[in-house]
Amino acid sequence: MRGEAAPAGLLLAAGEGRRFGRPKALLELAGERLVDRGVRTLRDAGCAPVLVVSGAAPVEVTGAVVVPNPDWREGMGSSLRAGLAALPPGCPAVVVALVDQPGVTAAAVRRLIAAYEGGARIAVATYGGAPRNPVLLAGEHVAAAAASAVGDRGARAFLRARPDLVTRVPCDGVAVPDDIDTPADLDAFTRGGPR
């Protein structure tokens, strides 16, 4: 990768899953917790290290560094800030993914990494032309993304403020960005979602 280390992977998994009724990180899909599935996806795509931000439910995850977020109740922004602050020094880039999107695949993450290797400084997965997750941030934009992360917005405000920096990466056909927010969502994904 242009002589650099691999991008890190950052899985945001701190929420309490209010609409689901329990933390989504611990939900199982085909016998695998969503947190383990998310870590596997990032690792299979070549991300190293992989960090998991925990909060509502303490987790231990093989193959990942767990970053506790004591402020998880403030929303996704606090988790993004905690995870970005925990990146190793000199980290060239980071792929940020959400634990409740099990349809995001290693193939989608690899597309973002390929865009980065081709010169993109921020790469955002799109589906039907609409930007969703995951998102890759080159190291020089981590601080600005963290500074804009408040409430449940994550890096959205930063990305909208700097569209000139964003490379859209179509991921149709290799991933789906559907959230698992309710038991019905999990049932629907189990019946017809990607494996």
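**View 1. Residue classes around the largest cavity of the predicted model.** The lining of this cavity is made up of 9 nonpolar, 3 polar and 1 charged residues. The largest cavity holds about 100 Å³ of space. Its lining has 13 residues, and those closest to the centre are Gly38, Thr41, Leu98, Gln101 and Val104. The count for the model is 1 cavity of 30 Å³ or more.

**View 2. Elements that line the largest cavity.** Helix 1 (34-44) and strand 6 (93-98) each contribute at least two residues to the lining. Helix 1 has the largest share, with 5 residues.

**View 3. The largest pocket.** This pocket contains about 720 Å³ of space. Of its 22 lining residues, Gly15, Glu16, Lys24, Asp100 and Asp152 lie nearest the centre. The lining divides by class into 9 nonpolar, 4 polar and 9 charged residues.

**View 4. The second largest pocket.** About 580 Å³ of space lies here. The pocket is lined by 23 residues, and nearest its centre are Arg132, Asn133, Val135, Arg156 and Leu159. Two or more lining residues come from each of helix 2 (76-85), strand 6, strand 8 (130-138), helix 5 (156-161) and strand 9 (166-170). Strand 8 gives the most, 5 residues. By class, the lining has 13 nonpolar, 3 polar and 7 charged residues.

**View 5. The annotated span, residues 9-162.** An unreviewed UniProt entry annotates these residues as "domain: MobA-like NTP transferase". In the model, the end C-alpha atoms of the span are 22 Å apart.

Key
Residues are numbered from 1 along each chain as its sequence is written. This is a predicted model: local features need pLDDT of at least 70, side-chain atom pairs count only at pLDDT 80 or more; totals for chains, interfaces and linings use all residues. Side-chain values use heavy atoms; hydrogens and water are left out. On a 1 Å grid over the protein atoms alone, a cavity is a set of points where a 1.4 Å probe fits but cannot get out, and a pocket is an open set with protein on both sides within 12 Å along at least five of seven lines; lining residues have an atom within 4 Å of a point. Grid points are joined across faces, edges and corners, and a volume is the space filled by probe spheres set on the points. Helices (H or I, at least four residues) and strands (E, at least two) are DSSP runs, numbered from the N terminus. Ala, Val, Leu, Ile, Met, Phe, Trp, Tyr, Cys and Pro count as nonpolar, Asp, Glu, Lys and Arg as charged, and the others, Gly among them, as polar. UniProt positions are given in the numbering used here, feature names are shortened, and annotations may be inferred rather than shown by experiment.
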